[in-house]
Amino acid sequence: MSPRDKFLSLVDHKTTGRDHGVFRVPTRRDRTMSGTWRELDDGRLLIHDFGGEPTQNILAAIGLSIEDLFPERVDGHLPRERRPFPAADVLRALAFEALVILAAAASVRSSAALSGADRDRLAVAVGRIQTGLNLAGVRHG
């Protein structure tokens, strides 16, 4: 079984292209799919969570290890992927976080106070957007 098939058989996912897609991170109860995956030409599988959950934790939650993201045999040194995740998947995840921020702004504008849970979720949204910017190589300042 390929790393892709092994991983996808254990998570709720959606394929968004020939070799990539999104998945629901198994370590929390997200309403949206905040994880993204991509299969490289050599069979390696890359995964990332825009919520910040480490890859090792995601894999442990479904009974896999880092070694499961690699095909049986990889020969030689492989170059680092310049853009490991398709821009469309990154933008899809960030668009949802922008909606969270918009909803919070609408509440504040109507003079409604944000609950503690709402403030926490707003902080998560901001963190996920910052992670997306960092992965895209955008630097502030």
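## Hairpin, aromatic pair and pocket

A hairpin of two linking residues connects strand β1 to strand β2. The model is predicted, so local features require pLDDT of at least 70 and side-chain atom pairs pLDDT 80 or more, whereas totals for chains, interfaces and linings use all residues. Residues are numbered from 1 along each chain as its sequence is written, and side-chain values use heavy atoms, without hydrogens and water.

The protein contains four helices and four strands, in the order α-β-β-β-β-α-α-α along the sequence. These elements are DSSP runs numbered from the N terminus (helices: H or I, at least four residues; strands: E, at least two). Strands β1 (residues 13–17) and β2 (residues 20–23) run antiparallel and are joined by four bridges; two strands pair if DSSP finds at least two bridges between them. T15 has G21 of β2 as its bridge partner.

Strand β2 also contains H20. Beyond its neighbours within four places in sequence, H20 touches T15, W37, R38, P86 and D89, where contact means heavy atoms within 4.5 Å. Across the protein, 53% of the contacts between residues at least 6 apart in sequence join residues at least 24 apart.

The count of aromatic pairs comes to one. This pair, F7 and F23, is edge-to-face, with 5.0 Å from centre to centre and 90° between the planes. Because F7 lies in helix α1 (residues 3–8) and F23 in strand β2, the pair ties together parts that are 16 residues apart in sequence. Rings of Phe, Tyr and Trp (its six-membered ring) pair if their centres lie within 6.5 Å; planes under 30 degrees apart are stacked, over 60 edge-to-face, and the rest tilted.

| Residue | Relative accessible area | State |
|---|---|---|
| F7 | 0% | buried |
| F23 | 0% | buried |
| H20 | 14% | buried |

Of the 141 residues in the protein, 33% are buried (under 20% relative accessible area with a 1.4 Å probe, protein chains only; exposed is over 50%, partly exposed in between).

The second largest pocket holds about 350 Å³ of space. Its lining comprises 16 residues, with R31, F96, V100, D118 and R121 nearest the centre. Helices α3 (87–109) and α4 (116–135) each contribute at least two lining residues. By class, the lining has seven nonpolar, two polar and seven charged residues (nonpolar: Ala, Val, Leu, Ile, Met, Phe, Trp, Tyr, Cys and Pro; charged: Asp, Glu, Lys and Arg; polar: the others, Gly among them). A pocket is an open set of points on a 1 Å grid over the protein atoms alone where a 1.4 Å probe fits, with protein on both sides within 12 Å along at least five of seven lines; lining residues have an atom within 4 Å of a point. Points are joined across faces, edges and corners, and the volume is the space filled by probe spheres set on them.
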